[in-house]
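Trainee: I'd like to learn how to read a protein model. Can we go through one together?

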Amino acid sequence: MFNQIRRNSLRVVLALSLLAVLLAAAPHGARADQPDLTLTLAAYSVPRAAYAELIPLFTKQWLDKTGQKLTFQQSFAGSGAQARAVVGGLDADVVALSLETDVNAIVKAGLISHDWQKGDYKGFVTDSIVALAVRKDNPKHIKDWIDLAQHPLEVITPDPTTSGGAQWNILAAYGAARRGFVTGYDKSDDGGLKFLTELFKNLTVLDKDGQSSYLTFQKGIGDVAINYENVILSAIAAGDEIEIVYPTSTILIENPVAVVDTVVDKHGTRAAAEAFVNFLFTPDAQRIFVKYDFRPVETTVAADKLLATQFPTFTDLFKIDEFGGWDKVSKEIFGKDGKVTALLNTVKGQ
């Protein structure tokens, strides 16, 4: 009898010891019965390569912290097209888009209810600028915006009706002219529109998004491509025989990211989605964005003096405030009856 009790006691001790070992080895906060989780990311096309590196890093961190396996479904397209898809029913837990106005379209549809711009960086996860890509040795001698009005010349940029990048591109040229940095055109709104008229006459291909637009240029079509600085620098690093031209005046691109409230509440993914968005602002994540030639927003990474050689400064760098903000721009410039929309339609019809 005594031996039986002793054996049972030993079994209990061993079981408790094994449990203690398992608990010590388990990730903090982990539960053995947690189901796998899936997040859907809807993003504009340009940062696809950056997210290909960021997502595995985050999913490992999430697994280590919670013990829960997390996978991502990813969708990449033009920013405007993505916003319309989410409003139309695409269940994206997180959106990473090119334009503030595209996130606000999702807000207006009632899908984002929190203040997505609350915080140190106002919801903008990366910066860039609009620059020019030219062929090796710059055979057309492109030095600044004014050179894009010479004829004949083939200019490549995406379609502003589907691509946020295209809207940034056009605003960069428009703003530079109206601010007096395009020789031969008045420092006025009228001067800006007159310059765009000449530039639009040279547009050759209007692709659906920034990445597709650069691929068109990569195939040998066009003399110059207007695009994000990070797209051009990454192409040069990959060995493309092109050069980057920095115009005297250009616009600061600010790219937003946000959790889609109705979707995460429906899926039960809020904690993971919010953690992912917060992760994107960490120094480690921001350095990965820098690796793909995005300008960082996080304070410590942005203060790195070594980045000065990678990201030059400008004589004139302006923001969307030049045009009164995105709400005004989306209506008065790129809306159905907007200035640029009407101008572009006129040029297309010629």
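**Reading contacts, burial and helix packing**

Mentor: Let's begin with leucine 111: leaving aside its neighbours within four places in sequence, it is in contact with Val86, Val87, Ile106, Val260, Asp261 and Thr262. Contact here means heavy atoms within 4.5 Å. Keep in mind that this is a predicted model, where local features need pLDDT of at least 70, side-chain atom pairs count only at pLDDT 80 or more, and totals for chains, interfaces and linings use all residues. Residues are numbered from 1 along each chain as its sequence is written, and side-chain values use heavy atoms, with hydrogens and water left out.

Trainee: Where is leucine 111 placed?

Mentor: Look in the loop between helix H4 (100–108) and strand E4 (124–135). Helices (H or I, at least four residues) and strands (E, at least two) are DSSP runs, numbered from the N terminus.

Trainee: Does leucine 111 count as buried or exposed?

Mentor: Buried means under 20% relative accessible area, exposed over 50%, and partly exposed in between (1.4 Å probe, protein chains only). Leucine 111 counts as buried because its relative accessibility is 17%. For the chain, buried residues make up 50% of the 350 residues.

Trainee: What joins the side chains of asparagine 104 and tryptophan 116?

Mentor: That's a polar contact of 3.3 Å. The term covers a pair of N or O atoms within 3.5 Å; within protein, one must be able to donate a hydrogen and the other to accept it, and residues adjacent in sequence count only if both atoms are side-chain atoms. Asparagine 104 sits in helix H4 and is buried, at 13% relative accessible area.

Trainee: How do I describe two packed helices?

Mentor: Use the angle between their axes and the distance between the axes. Axes are lines fitted to C-alpha atoms, for helices over the stretch in contact, and angles run from 0 to 180 degrees between N-to-C directions. Here, the axes of helix H2 (residues 48–66) and helix H10 (residues 270–280) come within 11 Å and cross at roughly 125°. So H2 is oblique to H10; angles under 35 degrees count as roughly parallel, over 145 as roughly antiparallel, 65 to 115 as roughly perpendicular and the rest as oblique.

Trainee: Which residues meet there?

Mentor: Tyr51, Leu54 and Phe58 are among those in H2, and the H10 side includes Ala271, Phe276 and Leu280.
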